Amino acid sequence: MIPISACIITKNEAENLDKCLRALSAYPFEIVVVDTGSTDNSMEVARQYTDRVYTFEWINDFSAARNYAAGRASHNTIFPIDTDEFVTRLDWDELQAELSENPKAVGSIKRLDYFETEGERRCQLCLIDRIYNRKYYRYDKPIHETLVPATRMTYASYSTSIEVDHVGYLGPGNKLQDKAMRDMELLLKELAQNPDEPYYYFQIAQSYMLMRDEENALSYFQKAMERRPDPLADYTHVLVYNYGHLLLEQNRMEEASVILDYYKYYCNNMDYLCLVGLFYLHQNQPIKALPEFVKALTAPERDSADSRQPSYYIGYIYELFGKKDIARTHYRNCGADYPPAVEALRRLG
């Protein structure tokens, strides 16, 4: 068996920490908890699950804290997990096989990010590189830290079967704003040193999205796009998706056409294809929109956890064409718990 150390950095999140550790304790991980200055009972909670509990003086650097946690582990294979992330799926034997086949690569996990918009809870599926061997990789960047090779080897990654729920974007507005402002302060420092790096503009925009400040979010998304982010970078497809939706919401169609420039990179992604379909619908071109939603039905990748959107819009377009029977079929394919389709079926009688 390849031993694995699950490493957590935490501060003042005792309730989430308990849920996180309870989920981890179902598997034979070594658990390492590093506290960065809690004033609640986080340390006491941690000691209920592990004797490897440490403190780290916070220096405004998430990578430094993560690397410190990895250094306290007994094993080289590290699984960093955040306090507000809870393992929902993990097959230990399957994970062992994946680690054996990829000894010098980084394993990605599937994370469901839950958030609220217009009073409705939604979630987005993200693939995040997490499991690594500390002999070959370490964390870099003070905020929104990323794994980088510790030697001159080439970065390599693969997908694991691990799935987690992430609740860090849920909660009262003041809590989310405090979190966003903390991140913003660190991001602005990094941006001052790297003014041409699109990644930092993207992350600042994401912080504004968390604060429900769409005007500033749009401005920073635009600045990120102007700096020509790498289409193959992990964050760029999220940037294109969020930027495109904000432009469509504000009916800035000429600017929104930039999303089409990324078609060859993301044409296998359900969310991107739906975005392109919506762009054509906003342009009053349903004939162009329809094939994009049809392709989205069988797209092998997606970021959103809700796969019913393509069927709904196919039904919507057929309803526009006056083909009500076909429209009903696609609306029904969405299921009885998808409100837009339920309303459409009621409209069609």
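## After helix H14

Which glycine follows H14, and is its phi positive or negative? The residue is glycine 335, and its phi is positive, near 90°. Please keep in mind while reading that this is a predicted model.

H14 itself spans residues 324–333, and its buried residues are Ala327, Arg328, His330 and Tyr331. Among the elements that cover these buried residues are helix H13 (309–320) and helix H15 (339–348).

## H14 against H15

Let us look at one of those partners. The axes of H14 and H15 come within 9 Å and cross at roughly 150°. Angles over 145 degrees count as roughly antiparallel, so H14 and H15 are roughly antiparallel to each other. Their crossing is left-handed.

On the H14 side, the residues in contact are Lys324, Ala327, Arg328, Tyr331 and Arg332. They meet Ala341, Ala344, Leu345, Arg347 and Leu348 of H15. Sorted by class, this contact has six nonpolar and four charged residues, with no polar ones. Ala327, Arg328 and Tyr331 take part in this contact and are also listed among the buried residues of H14.

A general point about helices is handy when viewing such contacts. An α-helix has 3.6 residues a turn, so residues three or four places apart point the same way.

## H8 against H11

Here is another helix pair to turn to in the viewer. Helix H8 (residues 236–249) and helix H11 (residues 270–282) have axes that come within 10 Å and cross at roughly 20°. Angles under 35 degrees count as roughly parallel, so H8 and H11 are roughly parallel to each other. The crossing of H8 and H11 is left-handed.

H8 contributes Val240, Tyr241, Gly244, His245 and Leu248 to the contact, while H11 brings Asp271, Tyr272, Leu275, Leu278, Phe279 and His282. Seven of the residues in the contact of H8 with H11 are nonpolar, three are polar and one is charged.

## Leucine 248 in H8

Leucine 248 belongs to helix H8 and deserves a visit of its own. Its relative accessible area is 5%, under the 20% limit, so leucine 248 is buried. Leaving aside residues up to four places away in sequence, leucine 248 touches Met253, Ala256, Leu275, Leu278, Phe279 and His282. Of these, Leu275, Leu278, Phe279 and His282 are in H11.

How far apart are the C-alpha atoms of leucine 248 and cysteine 334? They are separated by 24 Å, with the two residues 86 residues apart along the chain.

Strand S2 covers residues 30–35, and six of its six residues are buried, so the strand is largely enclosed by the rest of the structure. Both faces of S2 are covered. Glu30, Val32 and Val34 are buried on one side, and Ile31, Val33 and Asp35 are buried on the other.

S2 pairs with S1: the two strands run parallel and are joined by six bridges. Within this pairing, isoleucine 9 stands opposite valine 34 in S2.

Valine 106 lies in strand S6 (residues 106–117). With a relative accessible area of 0%, valine 106 is buried. Not counting residues up to four places away in sequence, its contacts include Asp129, Arg130, Ile131 and Tyr132, along with Tyr137, Leu147, Tyr155, Ala156, Ser157 and Tyr158. The C-alpha atoms of valine 106 and tyrosine 136 are separated by 9.4 Å, although the residues are 30 residues apart along the chain.

Strand S8 (residues 137–140) pairs with strand S9 (residues 146–149) in the antiparallel sense over four bridges. Tyrosine 137, one of the residues touched by valine 106, stands opposite proline 149 in S9. S8 and S9 form a hairpin with five residues between them. Lysine 141, in the turn, has a positive phi of about 85°.

## Two asparagines in loops

Where are asparagine 12 and asparagine 60 found? Asparagine 12 is in the loop between strand S1 (4–10) and helix H1 (14–24), and asparagine 60 is in the loop between strand S3 (53–55) and helix H3 (62–72).

Neither residue is a glycine, yet asparagine 12 has a positive phi of about 55° and asparagine 60 a positive phi near 60°. Asparagine 12 is partly exposed, with a relative accessible area of 34%. Asparagine 60 is partly exposed too, at 35%.

Note on methods
Residues are numbered from 1 along each chain as its sequence is written. This is a predicted model: local features need pLDDT of at least 70, side-chain atom pairs count only at pLDDT 80 or more; totals for chains, interfaces and linings use all residues. Side-chain values use heavy atoms; hydrogens and water are left out. Buried means under 20% relative accessible area, exposed over 50%, partly exposed in between (1.4 Å probe, protein chains only). Axes are lines fitted to C-alpha atoms, for helices over the stretch in contact, and angles run from 0 to 180 degrees between N-to-C directions. Angles under 35 degrees count as roughly parallel, over 145 as roughly antiparallel, 65 to 115 as roughly perpendicular and the rest as oblique. A crossing is left-handed if the near helix is turned anticlockwise from the far one by less than a right angle, and right-handed if clockwise. Contact means heavy atoms within 4.5 Å. Ala, Val, Leu, Ile, Met, Phe, Trp, Tyr, Cys and Pro count as nonpolar, Asp, Glu, Lys and Arg as charged, and the others, Gly among them, as polar. Two strands pair if DSSP finds at least two bridges between them.
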